[in-house]
Amino acid sequence: MSKNLLKKIHFINKPNQEGGPGTFLNNFTEMLNKEKIDYWFYRNGPKPEIIFVLSGTIKKLHWLIYQKLKGAKIIQRVDGHFWQHNYINKGIKDYLYSNLVNMNIKFIMRFLADKIIFQSTYVKNIWKKVNVKNKGVYTIYNYSKKIIKRKINQKSNIKLICVEGNFDSVFNIENHLNLIKNYPIYLYGDCSIETKKKLKKIKNLKYMGSRKREKILDIYKTNEKIIYLNLEFCAAGSNSVIEAMSHSVPIIGFKTGCMKEFVNKKSGILIDYKIKEFNNKKYLNNLDIEKKIGNIEKKYEYYSNGAYDTAKKIFCKKKNFSSYINAIYN
């Protein structure tokens, strides 16, 4: 083993039970275990030599600054930014919290991080105004545990699925779901009682509740014609989309965030979307989302193969994990 790989790495964040950062951290530590690379969380273990930060931290910022002064190298994997408060008024607390988190990420990027890893070119462009000169900068996609080509039952009917950690914060979710009336929709993830009440009003929708992370991939153990409905708006590096494509599931969604990098003309259909029109029902209806779902249905095998081929090319576990190791240790 290289001497560099013996340097002690500490993750300042522990894996959450839901959400993309937790999925990434679980997948990443699983590979570290496989490669027998030691790691610790926060204050556990010996003196930190390398500290890995998932985007930002407010509660542990003082500890991060202290370790930086003691000589630790800081690797920051940058997520997207809070932006919905610019369009939807959720109150002063939400506004202040959103800006505080954004400022925290910028501060770590500018003053603490030695190396910065972006999940996508989209994320890199979000933070391009932050001065990161003289720092190592990388763009590395997330990856899937497995890439599987499913055998499709050509006689099966189309159904749409969407997987989210929590649906409460999904932008304009009710208006977007109401654009689809003739296809069954299955939602997997957590949500509040208030959101559940809204979802129950949509007749062709079935709320499946949350699933443990290790059980999520079981959703794709089927030969049915599945289309993944991406409801996450301006996604930074959607693990859910990656997992779906890695099981040869084509994608339908909006042309925002990382989606333009992940989904091509062979693996799904992305719809142009003017965010300022998010509450204009006439505009939303004219997007013809059901017609585009029908286009995937007609050529399902073509799009399914395209999703599988794209996943093999850009979401390869071995290749992307190696890119992370090179970024951290070299």
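Me: Which backbone nitrogen does the side chain of Thr-57 reach?
Reply: A polar contact is a pair of N or O atoms within 3.5 Å; within protein, one must be able to donate a hydrogen and the other to accept it, and residues adjacent in sequence count only if both atoms are side-chain atoms. Here the Thr-57 side chain reaches the backbone nitrogen of Lys-60, at 3.2 Å. This is a predicted model: local features need pLDDT of at least 70, side-chain atom pairs count only at pLDDT 80 or more, and totals for chains, interfaces and linings use all residues. Residues are numbered from 1 along each chain as its sequence is written, and side-chain values use heavy atoms, leaving out hydrogens and water.

Me: What does the protein chain average in pLDDT?
Reply: pLDDT is the predictor's confidence in each residue, from 0 to 100. The protein chain averages 91, and 96% of the residues score at least 70.

Me: Is Thr-57 buried or exposed?
Reply: Buried means under 20% relative accessible area, exposed over 50%, partly exposed in between (1.4 Å probe, protein chains only). Thr-57 counts as buried because its relative accessible area is 8%. Thr-57 lies in the loop between strand 3 (50-54) and helix 2 (61-69). Leaving out residues up to four places away in sequence, Thr-57 touches Ile-12, Leu-64, Asn-104 and Ile-108 (contact means heavy atoms within 4.5 Å).

Me: And where is the place of His-81?
Reply: His-81 sits in the loop between strand 4 (73-78) and helix 3 (92-112). His-81 is partly exposed, at 29% relative accessible area. With residues up to four places away in sequence not counted, its contacts are Asn-102, Tyr-122, Ile-126 and Trp-127.

Me: In what order do the 6 strands form an open sheet?
Reply: Strands of a sheet pair through backbone hydrogen bonds, either parallel or antiparallel. In this sheet the order is 9-8-7-10-11-12, with parallel pairing (two strands pair if DSSP finds at least two bridges between them). Strand 9 (205-209) and strand 12 (268-271) are at the edges with a single partner strand each, so one side of each has no neighbour in the sheet. Strand 7 (residues 159-166) is joined to strand 10 by 3 bridges, and Ile-161 stands opposite Tyr-228 in strand 10.

Notes
Helix = DSSP H or I, 4+ residues; strand = E, 2+ residues; numbered from the N terminus.
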